[in-house]
Amino acid sequence: MKVAALLLALSAAASWGIGGILLKRGTNLVSPTTILVFQYAVGIVVITGWLLATGGGASALHGIERRWLSLLLLVSLQIGGYIFFVTAINKAGEGSLPTSTVIAIAASYPALVAVLTGPFLGEALGWQQFLGVGLIITGVIVSQVH
């Protein structure tokens with residue numbers, strides 16, 4: 001299980017890393033709004049296909065009926081974060097922050113997650129997590145030094 005989780009996490013990092021570069025190229029060709037609309041439209045099609053293939057639609061609807069307010073908050077934060085990310089990538093470049101810096105700052109959210117897991121989830125941080133948070137913050141600061 002650890003190997004599967006590690007490989008999936010590395011795959012996500014690779015996808016997001018390559019995706020960030022392609023996103024910057026994409027915002028040179030079309031507006032961020034176009035990218036977002038296309039992305040979410042394709043997402044609806046893919047998820048609908050997945051639900052039909054797995055028969056998970058009824059279970060999903062039942063879960064939504066019971067927890068719609070929590071889900072609405074969660075989805076609003078996720079979509080909002082991605083809109084901010086796409087817009088930041090669009091604004092990056094000449095006369096602004098480098099694209100790599102914008103992506104590094106946006107990708108520093110695990111530090112915030114690590115810090116907030118204690119108060120919100122009751123999880124204790126070990127020295128490795130504190131070290132990781134420190135490295136993330138250091139990396140963002142170092143990327144800003146010219």
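**Exercise 1. The nonpolar patch**

Find out which helix gives the largest share of the nonpolar patch in this predicted model.

*Solution.* Start with the answer: α3 brings 11 residues to the patch, the largest share. Next, look at who belongs to it: the members include Leu61, Trp68, Leu72, Ile79 and Phe84. Together with the other members they make a nonpolar surface of about 1,100 Å². Tyr40 is on the list too, and this tyrosine sits in helix α2.

**Exercise 2. Tyrosine 40**

Decide whether tyrosine 40 is buried, partly exposed or exposed.

*Solution.* First, get the number: its relative accessible area is 33%. Then hold that against the cut-offs: buried means under 20%, and exposed means over 50%. The 33% of tyrosine 40 falls in between, so the residue counts as partly exposed.

**Exercise 3. The largest pocket**

Work out how big the largest pocket is and what lines it.

*Solution.* Begin with the volume, which comes to about 930 Å³. Now go to the lining: there are 23 residues, and Gln78, Gly81, Tyr82, Ala106 and Tyr109 lie nearest the centre. Then ask where the lining comes from. Helices α1, α2, α3, α4 and α5 each supply at least two residues, with α3 giving the most at 9. Finally, sort the lining by type: you get 15 nonpolar residues, 8 polar ones and no charged ones.

**Exercise 4. The second largest pocket**

*Solution.* The space here is about 560 Å³. Of the 16 lining residues, Ile44, Ile47, Ile64, Val75 and Ile79 are the closest to the centre. Both α2 and α3 supply at least two residues of this lining, and α3 gives the most, with 10. By type, the lining splits into 12 nonpolar and 4 polar residues, with no charged ones. One more thing to spot: Ile64, Val75 and Ile79 also turn up among the residues of the nonpolar surface patch.

**Exercise 5. Threonine 101**

*Solution.* Step three is a look at glycine 139: it is 38 residues away from threonine 101 in sequence, while their C-alpha atoms are 9.7 Å apart in space.

Terms used:
Residues numbered from 1 in each chain as written. Predicted model: local features only at pLDDT ≥ 70, side-chain atom pairs only at ≥ 80, totals over all residues. Heavy atoms only, no water. 1 Å grid on protein atoms, 1.4 Å probe; cavity = no way out; pocket = protein on both sides within 12 Å on 5 of 7 lines; lining within 4 Å. Points joined across faces, edges and corners; volume = space filled by probe spheres on them. Helix = DSSP H or I, 4+ residues; strand = E, 2+ residues; numbered from the N terminus. Nonpolar A, V, L, I, M, F, W, Y, C, P; charged D, E, K, R; others polar. Patch = residues over 30% accessible without salt bridge, like charges linked within 9 Å, V, L, I, M, F, W, Y side chains within 5 Å. Areas by Shrake-Rupley, 256 points an atom, 1.4 Å probe, with all protein chains shown as cover. Salt bridge = Lys/Arg side-chain N within 4 Å of Asp/Glu carboxyl O. Buried < 20%, exposed > 50% of the residue type's maximum accessible area, 1.4 Å probe, protein only.
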